[in-house]
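Colleague: I am new to this structure and would like to learn how to read it. Could we go through it feature by feature?

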Amino acid sequence: MAKKKFDFIVFDWDGTLMDSTSTIVKCIQASARDLGLPIPDEQAASYVIGLSLSDAMQAVMPDVDTKYHARMVERYRYHYLANDHELPLFAGVRELLAELSQDGYFLAVATGKSRVGLNRAMHSADLLSMFDATRCADETFSKPHPAMLQELSRELGQDLKRTLMIGDTTHDLQMATNAGVAAVAVEYGAHDAATLLSCGPLFSAKTVQELHGWLSQNA
(Lines give C-alpha, C1' and ligand atoms only; values in the text may rest on other atoms or scores of the structure.)
Protein backbone atom coordinates (compact mmCIF):
# COMPACT_ATOMS: atom_id res chain seq x y z
CA MET A 1 0.00 0.00 0.00
CA ALA A 2 1.43 3.40 -1.01
CA LYS A 3 2.46 5.74 1.78
CA LYS A 4 0.01 8.56 2.35
CA LYS A 5 1.08 12.08 1.31
CA PHE A 6 -1.24 13.71 3.85
CA ASP A 7 -2.39 12.95 7.38
CA PHE A 8 -4.80 15.83 7.86
CA ILE A 9 -7.56 16.96 5.46
CA VAL A 10 -9.43 20.21 6.07
CA PHE A 11 -12.69 21.00 4.26
CA ASP A 12 -14.51 24.23 3.70
CA TRP A 13 -18.24 23.82 4.42
CA ASP A 14 -20.55 25.91 2.21
CA GLY A 15 -20.18 25.04 -1.47
CA THR A 16 -17.74 22.23 -0.71
CA LEU A 17 -19.63 19.81 1.54
CA MET A 18 -23.07 21.46 1.68
CA ASP A 19 -25.02 22.57 -1.38
CA SER A 20 -25.74 26.05 -0.04
CA THR A 21 -24.25 28.49 -2.55
CA SER A 22 -27.48 29.53 -4.27
CA THR A 23 -29.27 29.97 -0.92
CA ILE A 24 -26.45 32.16 0.43
CA VAL A 25 -26.54 34.32 -2.70
CA LYS A 26 -30.32 34.78 -2.40
CA CYS A 27 -30.03 35.66 1.29
CA ILE A 28 -27.34 38.28 0.59
CA GLN A 29 -29.55 39.79 -2.10
CA ALA A 30 -32.61 39.69 0.18
CA SER A 31 -30.73 41.46 2.98
CA ALA A 32 -29.88 44.33 0.62
CA ARG A 33 -33.46 44.43 -0.66
CA ASP A 34 -34.83 44.64 2.89
CA LEU A 35 -32.76 47.77 3.56
CA GLY A 36 -33.53 49.43 0.24
CA LEU A 37 -29.91 49.10 -0.91
CA PRO A 38 -28.64 48.26 -4.40
CA ILE A 39 -28.99 44.49 -4.88
CA PRO A 40 -25.67 42.81 -5.72
CA ASP A 41 -25.70 40.52 -8.73
CA GLU A 42 -25.16 36.78 -8.43
CA GLN A 43 -21.48 36.93 -9.34
CA ALA A 44 -20.69 39.57 -6.71
CA ALA A 45 -22.66 37.75 -4.02
CA SER A 46 -21.03 34.42 -4.88
CA TYR A 47 -17.54 35.89 -4.71
CA VAL A 48 -17.79 36.82 -1.01
CA ILE A 49 -18.93 33.36 0.12
CA GLY A 50 -16.35 31.91 2.46
CA LEU A 51 -15.53 35.19 4.19
CA SER A 52 -16.84 35.99 7.65
CA LEU A 53 -20.31 37.56 7.46
CA SER A 54 -19.12 41.04 8.39
CA ASP A 55 -16.26 40.90 5.88
CA ALA A 56 -18.60 39.50 3.22
CA MET A 57 -21.12 42.33 3.60
CA GLN A 58 -18.37 44.95 3.42
CA ALA A 59 -16.89 43.28 0.35
CA VAL A 60 -20.17 42.87 -1.52
CA MET A 61 -21.38 46.42 -0.72
CA PRO A 62 -18.19 48.50 -0.49
CA ASP A 63 -19.85 51.74 -1.59
CA VAL A 64 -22.69 51.90 0.94
CA ASP A 65 -22.45 53.62 4.31
CA THR A 66 -20.69 51.31 6.77
CA LYS A 67 -23.62 51.62 9.18
CA TYR A 68 -25.58 49.31 6.86
CA HIS A 69 -23.13 46.41 7.02
CA ALA A 70 -24.15 45.24 10.51
CA ARG A 71 -27.82 45.58 9.56
CA MET A 72 -27.20 43.51 6.43
CA VAL A 73 -25.66 40.78 8.61
CA GLU A 74 -28.81 40.80 10.77
CA ARG A 75 -31.12 40.56 7.76
CA TYR A 76 -28.95 37.86 6.17
CA ARG A 77 -29.19 35.73 9.30
CA TYR A 78 -32.96 36.16 9.36
CA HIS A 79 -33.33 34.89 5.80
CA TYR A 80 -30.71 32.14 6.09
CA LEU A 81 -32.11 30.66 9.29
CA ALA A 82 -35.47 30.28 7.57
CA ASN A 83 -33.87 27.99 4.98
CA ASP A 84 -30.78 26.33 6.45
CA HIS A 85 -32.58 23.25 7.78
CA GLU A 86 -33.49 22.29 4.19
CA LEU A 87 -29.96 22.47 2.74
CA PRO A 88 -28.51 19.12 1.59
CA LEU A 89 -25.00 17.77 1.46
CA PHE A 90 -23.68 17.30 -2.05
CA ALA A 91 -24.24 13.75 -3.31
CA GLY A 92 -21.33 11.55 -2.30
CA VAL A 93 -20.03 13.72 0.55
CA ARG A 94 -21.14 11.40 3.34
CA GLU A 95 -19.49 8.39 1.69
CA LEU A 96 -16.30 10.35 1.01
CA LEU A 97 -15.95 11.49 4.62
CA ALA A 98 -16.69 8.02 5.98
CA GLU A 99 -13.99 6.46 3.79
CA LEU A 100 -11.39 9.09 4.71
CA SER A 101 -12.15 8.61 8.39
CA GLN A 102 -11.88 4.83 8.08
CA ASP A 103 -8.56 5.25 6.27
CA GLY A 104 -7.14 7.07 9.29
CA TYR A 105 -7.07 10.68 8.14
CA PHE A 106 -7.67 13.45 10.65
CA LEU A 107 -10.60 15.54 9.34
CA ALA A 108 -11.55 19.14 10.08
CA VAL A 109 -13.69 22.02 8.84
CA ALA A 110 -12.50 25.61 8.32
CA THR A 111 -15.42 27.87 7.48
CA GLY A 112 -16.62 31.43 7.18
CA LYS A 113 -19.74 30.40 9.11
CA SER A 114 -20.26 31.34 12.73
CA ARG A 115 -19.90 28.68 15.43
CA VAL A 116 -23.67 28.61 15.95
CA GLY A 117 -24.24 28.33 12.21
CA LEU A 118 -21.77 25.51 11.70
CA ASN A 119 -23.07 23.54 14.67
CA ARG A 120 -26.63 23.86 13.32
CA ALA A 121 -25.52 22.71 9.88
CA MET A 122 -23.46 19.79 11.15
CA HIS A 123 -26.26 18.67 13.44
CA SER A 124 -28.79 18.90 10.58
CA ALA A 125 -26.48 16.85 8.33
CA ASP A 126 -25.70 14.37 11.13
CA LEU A 127 -21.95 14.97 10.77
CA LEU A 128 -21.09 16.24 14.26
CA SER A 129 -19.06 13.13 15.08
CA MET A 130 -17.25 12.96 11.73
CA PHE A 131 -14.69 15.72 12.32
CA ASP A 132 -11.78 15.86 14.75
CA ALA A 133 -11.84 19.67 14.95
CA THR A 134 -13.55 22.70 13.42
CA ARG A 135 -12.79 26.40 13.21
CA CYS A 136 -15.21 29.24 12.41
CA ALA A 137 -14.81 32.84 11.31
CA ASP A 138 -16.15 34.28 14.58
CA GLU A 139 -13.42 32.45 16.53
CA THR A 140 -10.33 33.71 14.69
CA PHE A 141 -9.24 35.65 11.62
CA SER A 142 -11.35 35.31 8.47
CA LYS A 143 -10.03 33.65 5.34
CA PRO A 144 -7.65 34.12 3.56
CA HIS A 145 -5.65 34.68 6.76
CA PRO A 146 -3.84 31.41 7.62
CA ALA A 147 -4.95 31.35 11.28
CA MET A 148 -7.69 28.72 10.88
CA LEU A 149 -5.29 26.17 9.41
CA GLN A 150 -2.53 27.05 11.84
CA GLU A 151 -4.83 26.70 14.85
CA LEU A 152 -6.38 23.44 13.65
CA SER A 153 -2.97 21.89 13.02
CA ARG A 154 -1.78 22.89 16.50
CA GLU A 155 -4.96 21.60 18.13
CA LEU A 156 -4.55 18.16 16.57
CA GLY A 157 -0.76 18.04 16.57
CA GLN A 158 -0.56 17.88 12.78
CA ASP A 159 2.18 19.02 10.41
CA LEU A 160 1.09 21.76 8.00
CA LYS A 161 3.32 20.16 5.35
CA ARG A 162 1.17 17.01 5.54
CA THR A 163 -2.11 18.94 5.56
CA LEU A 164 -4.51 19.33 2.60
CA MET A 165 -7.14 22.08 2.29
CA ILE A 166 -10.18 21.48 0.06
CA GLY A 167 -12.48 24.35 -0.90
CA ASP A 168 -14.64 25.98 -3.56
CA THR A 169 -13.34 29.57 -3.34
CA THR A 170 -10.14 31.49 -3.89
CA HIS A 171 -10.40 32.49 -0.21
CA ASP A 172 -9.86 28.82 0.72
CA LEU A 173 -6.98 28.36 -1.69
CA GLN A 174 -5.28 31.61 -0.70
CA MET A 175 -5.60 30.67 2.98
CA ALA A 176 -3.85 27.39 2.18
CA THR A 177 -1.07 29.21 0.35
CA ASN A 178 -0.66 31.65 3.24
CA ALA A 179 -0.37 28.72 5.67
CA GLY A 180 2.04 26.73 3.49
CA VAL A 181 -0.59 24.03 2.97
CA ALA A 182 -1.39 22.07 -0.21
CA ALA A 183 -4.84 22.69 -1.68
CA VAL A 184 -7.44 21.08 -3.92
CA ALA A 185 -10.26 23.07 -5.51
CA VAL A 186 -13.82 21.99 -6.22
CA GLU A 187 -15.62 23.59 -9.17
CA TYR A 188 -19.23 22.93 -8.12
CA GLY A 189 -19.40 25.72 -5.51
CA ALA A 190 -19.15 29.51 -5.48
CA HIS A 191 -16.14 30.36 -7.68
CA ASP A 192 -15.62 29.38 -11.31
CA ALA A 193 -12.94 26.96 -12.48
CA ALA A 194 -10.71 29.54 -14.18
CA THR A 195 -10.57 31.70 -11.05
CA LEU A 196 -9.80 28.68 -8.88
CA LEU A 197 -7.07 27.41 -11.23
CA SER A 198 -5.36 30.82 -11.06
CA CYS A 199 -4.51 29.96 -7.44
CA GLY A 200 -2.53 26.87 -8.48
CA PRO A 201 -4.30 24.01 -6.65
CA LEU A 202 -2.91 20.47 -6.91
CA PHE A 203 -6.17 19.42 -8.57
CA SER A 204 -9.57 20.90 -9.42
CA ALA A 205 -12.53 18.54 -9.14
CA LYS A 206 -15.72 19.00 -11.13
CA THR A 207 -17.78 16.74 -8.85
CA VAL A 208 -17.58 15.12 -5.41
CA GLN A 209 -17.07 11.80 -7.17
CA GLU A 210 -14.07 13.20 -9.06
CA LEU A 211 -12.70 14.58 -5.78
CA HIS A 212 -13.19 11.18 -4.15
CA GLY A 213 -11.32 9.45 -6.94
CA TRP A 214 -8.40 11.89 -6.80
CA LEU A 215 -8.07 11.58 -3.03
CA SER A 216 -8.12 7.78 -3.24
CA GLN A 217 -5.13 7.86 -5.59
CA ASN A 218 -3.19 10.91 -4.47
CA ALA A 219 -3.76 11.68 -0.79
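Colleague: In what sense do strand β2 and β3 pair, and over how many bridges?

Modeller: Bear in mind that this is a predicted model. Strand β2, residues 106-111, pairs with β3 in the parallel sense, and the pairing runs over 4 bridges. To place it by residue, look at Ala108, which stands opposite Ala133 in β3.

Colleague: What is the order of the strands in the open sheet?

Modeller: The order is β3-β2-β1-β4-β5-β6, which makes an open sheet of 6 strands with parallel pairing. At the edges are β3 (133-136) and β6 (203-205), each of which pairs on one side only. From one strand to the next, the twist averages 20°.

Colleague: Which residues of helix α10 are buried?

Modeller: In α10, residues 208-218, the buried ones are Val208, Leu211, His212, Trp214 and Leu215. They lie on the same side of α10 because they cover an arc of only 165° around the axis. Among the elements that cover these buried residues are β1, α5, β4, β5 (182-186) and β6.

Colleague: Where is Lys113, and is it buried or exposed?

Modeller: Lys113 is in the loop between β2 and α6 (115-124). A residue is called buried when its relative accessible area is under 20%. Lys113 has 10% relative accessibility, so it counts as buried.

Colleague: Which side chains does the side chain of Lys113 join by a polar contact?

Modeller: There is a polar contact of 3.3 Å between the side chains of Lys113 and Asp14. Another, of 3.1 Å, joins the side chains of Lys113 and Tyr80. Leaving aside residues up to four places away in sequence, Lys113 also touches others, including Trp13, Leu118, Ala121 and Cys136.

Colleague: How is the chain divided into domains?

Modeller: Domain 1 is 8-19 + 88-218, and domain 2 is 20-85. Their C-alpha centres lie 22 Å apart. The contact takes 18 residues from domain 1 and 16 residues from domain 2.

Note on methods
Residues numbered from 1 in each chain as written. Predicted model: local features only at pLDDT ≥ 70, side-chain atom pairs only at ≥ 80, totals over all residues. Heavy atoms only, no water. Pairing = 2+ DSSP bridges. Helix = DSSP H or I, 4+ residues; strand = E, 2+ residues; numbered from the N terminus. Axes fitted to C-alpha atoms, helices over the stretch in contact; angles between N-to-C directions. Buried < 20%, exposed > 50% of the residue type's maximum accessible area, 1.4 Å probe, protein only. Arc of directions from axis to C-beta. Contact = heavy atoms within 4.5 Å. Polar contact = N/O pair within 3.5 Å; in protein donor to acceptor, adjacent residues only side chain to side chain. Domains from an automatic or database assignment.
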